[in-house]
Amino acid sequence: VRLDADDAALLTQVVDYYHDILKQSPEALSYLAARGLDGALVERFRLGYANRTLGLRLPEKTRKAGADIRGRLEKIGIFRASGHEHFTGSLVGPVVDGAGRIPEVYGRKIRNDLRPGTPLHLYLPGPHAGVWNVEGVAGAGEEVILAESLIDAMTFWSAGYRNVTAAYGAGGFTDDHLACLRRYGVARVLIAFDRDEAGDKGAGAVAERLMEAGIAAFRILFPKGMDANAYALKVAPATKSLGVLIRKAQWLGNGRAPAITSAADPLTPATGDDVPEPASLPSSAAGPVLEPPAPMAAAMAPAPVPEP
């Protein structure tokens, strides 16, 4: 959905509200810790949590102001036609462009007791837009890591690999991604998709598009059935174990493979030539200590009755 300036500002307010909620939510902070994700991600990427309280901050829906703002939020995709919040129960990750606009929002359900068939990964309606961590792409030099999801990309980021971005699923490499890589002169992409049937198929399609554009393509190979986050949790420390896989990435082109440079960064002093064997999961660390939430904008006043 292409938003006008007013609706874009409203979406920003909602993202800020979810961000404030996350910082006071033990459940959401524990989820981040359990996934091994650095607490610095919360502020750096304005992560949030949708806990079904947004409707409490709006004028009552029986009033014109309440009906109007809910209609706008439905058009954006934050509310569904049923009146429910689209991202309820999800970690919320906004995709912010270089101008501070939010063309896409990602949601990841954090509970394991959902009804069978409930989608775990959510986005705003319509075609995907924007590139997550565009600053990391811009500052990467010639090499970028492309993860399959934001959770996996944040796993690399937490381990010190800041030259990372994310597709929107195995089939979610977009024209925006390709244009961004070209804009910042990226010469090599390390495709870090899940090691499953969908990930293999998606990685092959991405590699073909990259090579057609003159960008070298490698595949980071996790053990079969694993993704970046699961692997980083199993094989600690993640900085070292991911570094090993980066250096051993499979060259997908023809001729002599160009040198891989990501794992040579001083931030990631991985050593050794063999992929470590998975170990048991580490115990969850305590969540970060963060500032209390700020109030919503004046347009969002408390309402006494929760939304359905």
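Trainee: Which residues of helix H7 (residues 175–183) are buried?

Mentor: His177, Leu178, Cys180 and Leu181. Buried means under 20% relative accessible area and exposed over 50%, with a 1.4 Å probe and protein chains only. Helices are DSSP runs (H or I, at least four residues), as are strands (E, at least two), numbered from the N terminus. The model is predicted: local features need pLDDT of at least 70, side-chain atom pairs 80 or more, while totals for chains, interfaces and linings use all residues. Residues are numbered from 1 along each chain, and side-chain values use heavy atoms, without hydrogens or water.

Trainee: Why do the buried residues line one face of H7?

Mentor: An α-helix has 3.6 residues a turn, so residues three or four places apart point the same way. Down the axis of H7, the buried residues fall within an arc of 160°, so they line one face. That arc is taken from the directions from the helix axis to the C-beta atoms. Asp175, Arg182 and Arg183, on the other side, are exposed.

Trainee: What do the buried residues of H7 pack against?

Mentor: Helices H5 (134–138) and H8 (197–212), plus strands E5 (143–147), E6 (164–166) and E7 (188–192). Contact means heavy atoms within 4.5 Å.

Trainee: Where does a side-chain oxygen of Thr174 reach?

Mentor: To within 3.2 Å of the backbone nitrogen of Asp176, at the start of H7.

Trainee: What follows H7?

Mentor: Gly185, with a positive phi near 65°.

Conventions
A polar contact is a pair of N or O atoms within 3.5 Å; within protein, one must be able to donate a hydrogen and the other to accept it, and residues adjacent in sequence count only if both atoms are side-chain atoms.
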